[in-house]
Every structure is written in structure tokens, then in C-alpha cells.
Amino acid sequence: MQPFESPKFIEEKVILSLKMTRKGKNLTQGDLAKRMNVSRDTIARLESGRSRVTLGHVISIARILDVSLDKILSEIEINPELLQKQIT
């Protein structure tokens, strides 16, 4: 991670990491929503950036996906061009 990345850019990378991990576990947004006891729309808003992702969300999703926070945060070291394609 670059030391001067904006908080918004870091948040987008975390969102992408969580989304890629969810898909890697073959879970739909609906599956994750049921496990979090929220609506599918809530997950869609988090993944699209329309709602802010809190540390609590990240912890909860990491637990449900059975991955460590370290893995989620280390997975954000991705190609910036790929990130830009995913978030647009």
C-alpha cells in the first residue's frame, strides 16, 4: 500500500477484496446478506460504494467468509487498473 493513498481509494480496495473473496467462496450477495441478517440490497450498496463500509462490516464479513482481516487487507495490493475497472 502506498503511504499517501486517499481513504476513499483504500475503502474501494477493501470493498473489491471483500467482493472478490465472496465470489471466490461461491456466495451470492443474497447468501452473504442472509448470513449477516441484512437485505441483499444492503450488500449491493456496500459493494458498489453507495454505502460506507465500516470496520464492523469488514470484521463481520471476514468472519462469515472465514478469512482473516490480514488476508482481506493484504489482498488489496492489486493492480490499480483492475481496481478502476471493477469500481466503474
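Helix α2 spans residues 29-36, and its buried residues are Q29, L32, A33 and M36. These four cover an arc of only 100° around the axis, which puts them on the same side of α2. On the other side, K34 and R35 are exposed. The model behind this picture is predicted.

What do the buried residues of α2 pack against? Their partners are three helices: α1 (7-24), α3 (40-48) and α4 (55-65).

Take α4 next. The axes of α2 and α4 come within 10 Å and cross at roughly 105°. Angles of 65 to 115 degrees count as roughly perpendicular, and α2 and α4 are therefore roughly perpendicular to each other. On the α2 side, the contact is made by L32, R35 and M36. On the α4 side, S60, I61 and I64 take part. L32 and M36 are buried residues of α2, whereas R35 is exposed.

T28 caps the N-terminal end. A side-chain oxygen of T28 lies 3.3 Å from the backbone nitrogen of G30. After the helix comes N37, whose phi is positive, near 60°.

T42 and G30 are twelve residues apart in sequence, and their C-alpha atoms are 9.6 Å apart in space. Is T42 buried, exposed or partly exposed? Buried means under 20% relative accessible area. T42 has a relative accessible area of 21%, so T42 counts as partly exposed.

Step back to the whole chain. There are six helices and zero strands. Read along the sequence, the pattern is α-α-α-α-α-α. The chain has 88 residues, of which 34% count as buried. Consider the contacts with a separation of 6 or more: residues 24 or more positions apart account for 62% of them.

How far does the predictor trust these coordinates? The chain averages a pLDDT of 84, and 80% of the residues score at least 70. Confidence is highest in α2, at 96. Confidence is lowest in helix α6 (residues 80-87), at a mean of 54. Where pLDDT is low, the predicted coordinates should not be read in detail.

How values were computed
Residues are numbered from 1 along each chain as its sequence is written. Side-chain values use heavy atoms; hydrogens and water are left out. Buried means under 20% relative accessible area, exposed over 50%, partly exposed in between (1.4 Å probe, protein chains only). Helices (H or I, at least four residues) and strands (E, at least two) are DSSP runs, numbered from the N terminus. The arc is that of the directions from the helix axis to the C-beta atoms. Contact means heavy atoms within 4.5 Å. A polar contact is a pair of N or O atoms within 3.5 Å; within protein, one must be able to donate a hydrogen and the other to accept it, and residues adjacent in sequence count only if both atoms are side-chain atoms. pLDDT is the predictor's confidence in each residue, from 0 to 100. Axes are lines fitted to C-alpha atoms, for helices over the stretch in contact, and angles run from 0 to 180 degrees between N-to-C directions. Angles under 35 degrees count as roughly parallel, over 145 as roughly antiparallel, 65 to 115 as roughly perpendicular and the rest as oblique.
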